[in-house]
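Subject: The structure I promised you

Hi,

Here is the structure we talked about.

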Amino acid sequence: MQPIDSVLAQPLVHGAGMLVLFVVIFLLARLAKYISAGYDVHHELVEQDNIAVAVSLAGYYLGVVIIFVGAYLGPSKGLLSDLVIVGGYTLLGVLLLNIARLINEHLLLPHFSVSKELLEDRNVGVGTILMASYLSAALVVAGAIHGQGGGLLTALVFYAVGQIALVVFTVIYDRTVPYSLHDELESGNIAAGIGFSGALIAIGLIVMNAVAGDFIGWVENGIDVAVQVSAIILYLIGVRLFFDKVMLPGAELNHEIARDRNIGAGVLEFAVSIGFSVILIMIV
């Protein structure tokens, strides 16, 4: 039998070790972002007071936290094994978050220069979408590495599925609303960016829920993910119509966002999209 002091000390040692691991990974993630950004992040934050860059970076850092938590949750295999497993998966997640930036620039927002919008125009709407895309990617990765039976390959595949879902939804969303999402974003419409960001995070939540369980097989899990992703895309379009007709009686959401650039309307669309996706997760 172990001494009582030893039994009590083990959780403290384990917790301290994981905390040190998180700090180290967080600093490495910061370094990776500063190196890969293509611009002087510190200069933009401190010298230029660039809110758009700060909002985007906040999503990146929160994404690192989400991935770390996803890797940490689950049965412990001992301090050394946990450090290796949690550290390895979180570092993989950091790499995938930085890849997500390239996806954002070339597939999610292909009709203008994301770097120009962030650095020259200081476009907070675009920064908000980048924040949401980081969070969505992190949720998917956290879900993929949380369940039992999966591994590196499943994490990569489900991450790719999540990114494809974001791109597909962006195309559908842009064709569904009576205004050009890209044009509104490029013109600095913060309301459009905030409203659309809620849908991106909602998709991340749904994909996370679909992949977070134990990995049974590619066919079984693949069908489950396909059904839930298809459902959430149609669901979010329906939620937007509901919001337009019920939540803002006497007003039109598209008018409030595209013409009036009503940030309050964008915030409400953001909240409703995420809220309804959480309800869908709970009841399905």
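First, some ground rules. This is a predicted model, so to speak of local features we need pLDDT of at least 70, and side-chain atom pairs count only at pLDDT 80 or more, while totals for chains, interfaces and linings use all residues. Residues are numbered from 1 along each chain as its sequence is written, and side-chain values use heavy atoms, with hydrogens and water left out.

Helices here are DSSP runs of H or I with at least four residues, numbered from the N terminus. Start with H4 (residues 79-108) and H7 (residues 152-176): their axes come within 11 Å and cross at roughly 25°. (Axes are lines fitted to C-alpha atoms over the stretch in contact, and angles run from 0 to 180 degrees between N-to-C directions.) H4 and H7 are therefore roughly parallel to each other, a label used for angles under 35 degrees. Their crossing is right-handed, meaning that the near helix is turned clockwise from the far one by less than a right angle. On the H4 side, the contact (heavy atoms within 4.5 Å) includes Tyr-89, Leu-92 and Leu-96; on the H7 side, Leu-152, Ala-155 and Tyr-159 are among the residues involved. The contact residues divide into 14 nonpolar, 2 polar and no charged. Nonpolar covers Ala, Val, Leu, Ile, Met, Phe, Trp, Tyr, Cys and Pro, charged covers Asp, Glu, Lys and Arg, and the others, Gly among them, are polar.

H4 also meets H3 (residues 51-72), where the axes come within 9 Å and cross at roughly 150°. This crossing is right-handed. Tyr-60, Gly-63 and Val-64 are among the H3 residues in the contact, and H4 brings residues including Val-86, Tyr-89 and Thr-90.

Lys-116 and Asp-121 form it, with their closest N and O atoms 2.9 Å apart. Lys-116 is partly exposed at 35% relative accessibility, and Asp-121 is partly exposed too, at 38%. (Buried means under 20% relative accessible area, exposed over 50%, and partly exposed in between, with a 1.4 Å probe and protein chains only.)

Now for two residues in loops. Most residues other than glycine have a negative phi. Asp-49 is not a glycine, yet its phi is positive, about 50°. Asp-49 sits in the loop between H2 (41-47) and H3, and is exposed, with a relative accessible area of 55%. Arg-261 also has a positive phi of about 50° without being a glycine. You'll find Arg-261 in the loop between H11 (253-258) and H12 (263-283), partly exposed at 35%.

Finally, is Leu-109 buried or exposed? With 0% relative accessibility, Leu-109 counts as buried. Leu-109 lies in the loop between H4 and H5 (114-119). Leaving aside neighbours within four places in sequence, its contacts include Asn-104, Val-126 and His-182. Val-41, in helix H2, is buried as well, at 2%. Not counting residues up to four places away, Val-41 touches Lys-33, Tyr-34 and Leu-57.

Cheers

Note on methods
Angles under 35 degrees count as roughly parallel, over 145 as roughly antiparallel, 65 to 115 as roughly perpendicular and the rest as oblique. A salt bridge is a side-chain nitrogen of Lys or Arg within 4 Å of a carboxyl oxygen of Asp or Glu.
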